[in-house]
Amino acid sequence: MEYEAVIGLEVHVQLNTRSKMFTRVGTGFGQPPNTLTDPVVLGLPGALPVMNRDAIEKSIKVGLLLGCKIAEVCKWDRKNYFYPDMPKNYQISQFDQPICEGGEVEIEMPGENPAKMGTHRMVELTRVHLEEDVGKLTHYEHDSLVDYNRAGSPLLEIVSEPDMHNPEEVFAYLTSLRNSLVAAGISACDMEKGQLRCDANISVRPKGETTLGTKVEIKNLNTISGVRNGVEYEIRRQVRAMEEGTEIIQETRRWNPEQKYTTPMRTKEMAHDYRYFPDPDLMPVKIDEAWIDRVAKELPEKPFDKQRRYQEEMNLPYSITSSLCGDHLLCAYFEEATALAKSPTKMANWVVNDLLRELSQANKMDEFSEESNEAMTPLSCPVSPQSLAELINLIEDGKLTNNVAKELFPEMFTSGKTVVDLIKEKGLDQKSDDGEIQVICADAIANDSDAAEKFRGGKEGAINALKGAVMKATRGQANPKVVDETLRRLLS
Amino acid sequence: MSEDAPMDIDYVANLARIELSDEEKTTYQRQLGDVLKYFEKLQELEVDGVEPTAHAFPRHNVWDQDESKQGFSASEALKNAPQSRQDQVVVPKVIEE
Amino acid sequence: MSQDSPIFKTATELSADLTAGKISSVELTQAMIERVEKVDEKVHAFLHLDQEDALAQAKASDERRSKGECLSPLDGIPVGLKDVISVKDQPLTAASKILENYRSPYDATVTVKLKQAGAVIAGRLNLDEFAMGSSTENSAYGPTRNPWDLERVPGGSSGGSSAAVAAREVPLSLGSDTGGSIRQPASLCGVVGMKPTYGMVSRYGLAAFASSLDQIGPFSTTVEDAALLLETISGHDPLDSTSFPKEIPSYSGELKKPAQPGVIGLPKEFFGPGMDDEVRARVEQTIEHYRSLGYQTKEVSLPSTDLSIPVYYVIATAEASSNLARYDGIRYTSRSNRAQNAIDVYAKSRGEGFGSEVKRRCLLGAYGLSSGYYDAYYLRAQKARTLIRQDFERVFKEVDAVLTPTAPTPAFKFGEKSEDPISMYLSDIFTISTNLAGLPGISVPCGFTRSGLPVGMQLIGQAFEESSLLNIAHAYDRDHLHGRQAPNL
C-alpha cells in the first residue's frame with residue numbers, strides 16, 4: 001500500500017526588537033549569562049509586564065506579509081506549566097484571540113535541474129501569535145544550568161495547516177518563510193542562534209484516505225538539516241508502524257540530531273493542562289485600519305514576486321534570479337548597482353558570481369577572527385554598488401577587458417579601492433594609443449603570416465590568432481575594439 | 001457539581017506542583033469539597049449574554065516604546081538563587097515528564 | 001508614656017511639629033523604635049524593623065530640612081510597609097517560609113514614591129502569608145495580636161499594618177487590599193484604612209495575590225492622614241499596565257474645602273441578618289450623624305451581593321495559583337533539600353514552603369482553571385463579576401457614596417475561624433464586592449463595643465472619586481476621631 005504523510009509546522013521566530021516583549025531590558029545572543037535580566041525577566045515578586053509596541057507592529061507586518069487577517073483586538077493569556085527555563089512558570093501568550101489568523105506561504109519545489117524553476121504552490125496558515133521566549137537550559141551529567149538571557153524575548157509562533165506532505169515541502173516552506181521574514185526586517189532567522197525554531201506535527205495515512213491519521217508532534221528540529229532529517233525519519237517510522245500493523249500513539253517525540261532518530265517525550269495522557277486564562281496584568285491590543293495601512297506601506301516586495309519581476313522585466317535567467325532572490329540584501333545591492341549600470345544581465349552575473357564568492361570567502365575568514373561577529377553583507381562590503389557599476393560600465397564601453405576586470409575585482413574587495421583608482425595605480429590604462437597598437441599589430445601580422453594569409457583568403461576566424469598575440473603582447477591591456485579595427489585596417 | 005465530580009486532589013496537587021501529605025490530602029479534599037458546594041450558586045446563575053469582566057476599567061494599547069535599558073549584572077540576578085555555577089542557576093537534572 | 005509623646009500624634013501634627021522645629025525626624029524615629037521595642041513583643045506587628053536604616057533616613061531628612069530642602073509633608077515621618085511591598089536590599093517574605101532568604105534587588109513604585117517624599121521607611125509588617133487570610137493567623141512567622149485585646153485577631157490580611165498603627169508603633173503604614181485586606185483589619189483595630197480605586201496606586205513591586213483585585217492603600221489614625229499618605233503614593237506608573245493615567249489632586253488640600261452634604265446609599269443586602277448587634281448599632285449611629293450633617297440617606301439595592309464571595313474566591317484563587325507559581329525553589333526561593341530532580345524541586349519546595357491556606361487556595365485556583373472546569377468556574381465568575389459591577393453603576397446614578405459596616409463582627413478570637421475556610425471567607429462579605437467592581441472603599445472607626453472592641457464603617461465611592469469619598473469620610477471622622485483613641489498596652 002502507498003502511504004501519504006500529512007505535516008503541519010509550528011515555527012517560532014524571535015523578533016529582532018531592542019528590548020524584550022514585556023520589559024525594557026535588552027535582547028541579544030552571546031551575552032554573558034543572566035545579564036539580560038531584570039525583575040520582570042526573572043519573575044521576581046511584584047514584577048509586572050508592559051508590552052513592547054514595536055513587537056506588536058512587527059507582528060502586524062508579518063501578518064500582512066503572509067496575507068493573514070489582522071485581529072481588530074487581540075489579548076494576552078497565561079499558559080501555565082512548570083519548567084526551569086520559564087521564570088514565572090507561566091508563559092504570556094495568546095490563546096483564543098491571536099494577533100493574526102489565516103494566511104499563506106508560497107513555496108517552490110526543486111526543479112528538474114538547478115537551472116529550471118520548480119512548481120510553486122501556497123501552504124495554508126492557521127494563525128500567528130505573539131508570546132515570550134523562555135530561558136536556555138544546558139544539561140550536564142548530574143544537573144542543568146539555566147541562563148535567562150533569552151527569557152522574555154518576543155517570539156512569534158507561526159502555525160501552518162497540516163498542508164505539507166514530504167520533507168522537501170517542509171524545507172521549501174521554511175526557506176520561503178525565512179526569506180520573507182529576513183527581507184521584511186523581522187528577524188535574522190538564524191537557526192544556530194535559536195532565532196528560528198521548528199516543531200512538526202506529523203501523521204501518515206493510506207494514500208487516498210481523507211481523514212487524518214494519529215498525530216505525533218516532533219520537537220527539537222532546530223537546524224535546517226534537522227528539520228529535513230527529523231521529518232523524514234518520523235514519516236518512515238510511522239509508515240513502518242502502519243505496515244507492521246503496530247499502533248501509532250498520539251504523543252510528543254524529540255528529534256535526536258546526533259543519533260538521528262526520534263524518542264518519546266510524553267503521551268497524550270501526560271499532556272499538559274495549561275490552564276489558559278486572560279493575563280490580568282496586561283490590557284488588550286486594539287489594531288485599527290490606520291495602523292495597518294501605515295505598516296502595509298513599509299512592506300517589502302515578497303521574494304518570489306521580486307524573482308518574477310527580474311525574470312520578466314530584466315530578462316534574467318532563472319539560474320541567476322534563484323541565486324539572487326533568496327537574499328534580500330543581495331537584491332538590494334543588485335538593484336542599486338543595476339540602476340547605474342549599462343547591462344543588467346552583466347551586473348546580475350557579477351553579483352551572483354564574483355560578489356557572492358568574495359563575500360562568502362570574507363565571511364569564512366571572519367569565523368577565525370575574534371573581533372567582528374557581524375557577518376559582512378553585500379551593502380557593507382568594500383565594493384559599493386556604484387563601484388561595481390563603474391567597473392561594468394568600463395567593460396561595456398570597451399575600456400576594460402573582462403579578464404582584467406576579473407583580476408582586479410578581488411583587490412577592490414579587499415582594499416575598498418575603486419576600479420579607476422586601481423587602474424591608475426597599476427598603470428593599467430588601456431593601450432589605446434594608436435601608434436603603439438599599430439606597431440604591435442603590425443608585429444603580430446609579421447610574426448604569423450599564415451594567419452594573415454588565411455584571413456585575407458576569407459577565413460574570418462583567423463583574425464582571432466592575431467588578436468590573441470596582440471593581447472598577449474599588451475598583457476591584456478589593449479582595448480579589444482581598437483585592436484580589431486587596427487588589424488582589419490592593416491590586413492585590408 | 002462537587003457531588004457528581006469530586007475534586008481529584010492528586011491531579012490538582014500535581015497541576016499546582018505542591019506535595020501533600022496523606023493527611024493534607026484528606027483535609028483539603030473535604031474542605032475544598034465544601035467550598036465548591038458553596039460555589040454552587042454560581043452554577044445556577046443566568047449569565048447568557050453577559051460579557052466577562054477581565055479588568056475593572058478596561059483600556060487598550062498600554063505599552064512602551066522599544067528602548068532597552070541596563071538590566072541586572074549576573075551577580076545581582078543570582079543573588080537570591082539557592083544554587084548557582086558559572087553565572088547560571090543550577091537545577092537538579094531535568095527529567096522529561 | 002505621656003499622651004503628648006510624638007507616638008500619639010497624627011502624621012499631620014508631626015509634620016507641623018517637624019516644620020516648627022519642635023522635634024527632629026531622628027527624635028521621632030527614635031521614639032518610634034522605642035515604642036516598637038516596648039509593645040511589639042505583645043503585638044508582633046513587625047516582621048523586620050529597619051532600626052539603623054530608619055535612623056539613617058531620619059538623619060538625612062533632618063539634614064534636608066536644615067538646608068530648607070524638605071521634600072514633602074511626609075519628609076521625616078516613619079511609615080511601615082506590609083511585607084509584600086519590595087524595598088531594595090531589604091527582605092521581602094510575604095510572611096511565607098518560602099521567601100525566608102530573599103532580599104529584593106529593587107524598589108516597588110510606592111517605595112520609590114515614599115523615598116522621593118522623604119518618608120522614613122521603618123520596616124516591614126506582618127500579614128497572612130501572601131495576603132491570603134482575614135486574621136493574620138496565616139503568617140509563617142507567627143500571628144499579630146489585636147492591640148485592643150491580645151486574645152483576638154487584628155483582622156487580615158494586612159493585620160500587621162493595622163495593628164502597628166493602632167498600637168502607635170508607626171503613625172502611618174501601607175497595606176494591600178484584594179478582598180478587604182486593608183479595610184477589615186482597619187475596622188478590627190480601630191484605625192482608618194483605605195483601598196483606592198483599582199489602578200490609582202501602582203502595583204509594581206507588590207508581590208501579587210490576585211492581580212485584577214489587588215490595590216495598595218494607607219492606614220492611619222485619621223482620614224486626614226490617610227489623604228496625606230494616599231496622595232503621596234498615587235499616580236500613573238508606566239511600569240504597571242493596569243495603572244490609570246489620572247491627575248492626582250491634593251487630597252489633603254481638598255479636605256480643607258467646605259463640602260456640600262450629598263446622598264448616601266444604604267444597600268439593604270448589607271444590613272440583613274448575620275450582622276453583630278453592636279456593629280449594627282454603631283453603624284446606625286453613624287448614619288444618624290450623617291443625617292444630622294445634612295446628608296440625605298437612601299436605601300439602595302445591590303442584588304448580586306450574595307454572589308460576591310464565590311465570584312471572588314474563584315477569580316482570586318485562579319489568579320493566585322498562577323501568580324504564586326514563580327515561588328518554585330529555582331531562582332530565588334528556598335529549595336527543598338529532599339529534591340532529587342527538577343519536578344521534585346517544585347513539589348517539595350512548595351509543599352514545605354507554603355502554609356495551609358496558601359496551599360488550599362493554589363489547589364482551588366488550579367482546579368477552577370483546569371481542563372473541563374474553566375467555563376463553569378473562571379469564565380462564569382468573570383461574567384458574574386460584570387453583574388456586580390453593574391449593580392454599583394446603577395446605584396451610583398443616585399448616590400454619592402454607599403455606607404455599610406466594614407465587617408460583620410468585631411475582632412474574633414484566635415482559632416475561632418481558622419479551621420473553617422467558609423466562615424473565614426464570610427468575614428470579608430462586606431468588602432469583597434468593592435474589589436470586584438474596582439471601586440474605592442474606606443473603613444473609618446465608628447466607636448467601640450461595650451467590651452471595648454473597635455467597630456468600623458465602610459464608605460464606598462465612585463471610581464476615581466477618592467477626593468469626594470475622603471471628604472464624606474472626613475465629615476464624620478473630624479467630629480469623632482475614634483481612631484485617635486489608643487489601646488492600653
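This report describes a predicted model with chains A, B and C, taking confidence, chain shape, interfaces, domains and local backbone features in turn.

## Confidence

The predicted model has an ipTM of 0.97 and a pTM of 0.92. For chain C, the mean pLDDT is 96, and 99% of the residues reach 70 or more.

Chain B has a mean pLDDT of 90, with 92% of its residues at 70 or more. Within chain B, α3(B) has the lowest confidence, with a mean of 88, while α4(B) has the highest, at 97. Where pLDDT is low, predicted coordinates should not be read in detail.

## Overall shape of chain C

Chain C contains 16 helices and 11 strands. The C-alpha trace of chain C extends about 60 × 55 × 45 Å along its principal axes.

Of the 489 residues in chain C, 66% are buried. Among the contacts in chain C with a separation of 6 or more, 75% are between residues 24 or more positions apart.

## Overall shape of chain A

Chain A has 15 helices and 18 strands. The radius of gyration of chain A is 30 Å, whereas a compact globule of 492 residues would have a value near 23 Å. Taken along the principal axes, the C-alpha atoms of chain A fill a box of roughly 95 × 55 × 50 Å.

Buried residues account for 42% of the 492 residues in chain A. Of the contacts in chain A between residues at least 6 apart in sequence, 69% join residues at least 24 apart.

## Domains of chain A

The domain assignment divides chain A into domain 1 (3-292), domain 2 (301-425) and domain 3 (434-491). Between domain 2 of chain A and domain 3 of chain A, the C-alpha centres are 33 Å apart.

The contact between these two domains of chain A takes five residues from domain 2 and five residues from domain 3. On the domain 2 side, the residues that touch domain 3 of chain A are one nonpolar, three polar and one charged.

## Interface between chains B and C

The contact between chain B and chain C involves 45 residues from chain B and 60 residues from chain C. On the chain B side, the elements that give two or more residues are α1 (9-15), α2 (22-38), α3 (40-44) and β3 (88-92). The largest share of this side comes from α2(B), with six residues. By class, the side of chain B that touches chain C consists of 30 nonpolar, five polar and 10 charged residues.

## Interface between chains B and A

Chain B also touches chain A, with 34 residues of chain B in contact with 39 residues of chain A. The elements of chain B that give two or more residues to this side are β1 (63-64), α4 (74-78) and β3. Of these, β3(B) gives the most, with five residues. The side of chain B that touches chain A has 14 nonpolar, nine polar and 11 charged residues.

Strand β3(B) also pairs with a strand of chain A: four bridges join β3(B) to β11 (residues 143-147) of chain A, and the two run antiparallel. One of the residue pairs is A:Leu145 with B:Val90, its bridge partner in β3(B).

## Backbone features in one loop of chain C

The loop between β3 (120-125) and α5 (159-166) of chain C holds C:Ser157. A cis peptide bond, with omega about 10°, joins C:Gly156 to C:Ser157.

C:Phe130 lies in the loop between β3 and α5 of chain C. Phi of C:Phe130 is near 50°, a positive value in a residue other than glycine. C:Phe130 is buried, as 31 other C-beta atoms lie within 10 Å. C:Thr136 is also found in the loop between β3 and α5 of chain C. C:Thr136 is not a glycine, yet its phi is positive, at about 60°. With 34 other C-beta atoms within 10 Å, C:Thr136 is buried.

Definitions and conventions. Residues are numbered from 1 along each chain as its sequence is written. Chains are lettered from A and ligands numbered from 1 in the order in which they are written. This is a predicted model: local features need pLDDT of at least 70, side-chain atom pairs count only at pLDDT 80 or more; totals for chains, interfaces and linings use all residues. A residue is buried if 20 or more other C-beta atoms lie within 10 Å of its own, exposed if 12 or fewer, and partly exposed in between; C-beta atoms are placed from the backbone. Two residues are in contact if their C-beta atoms, placed from the backbone, lie within 7 Å. pLDDT is the predictor's confidence in each residue, from 0 to 100. Ala, Val, Leu, Ile, Met, Phe, Trp, Tyr, Cys and Pro count as nonpolar, Asp, Glu, Lys and Arg as charged, and the others, Gly among them, as polar. Two strands pair if DSSP finds at least two bridges between them. Domain bounds come from an automatic or database domain assignment. The radius of gyration is taken over C-alpha atoms; the globule rule is 2.2 Å times the number of residues to the power 0.38.
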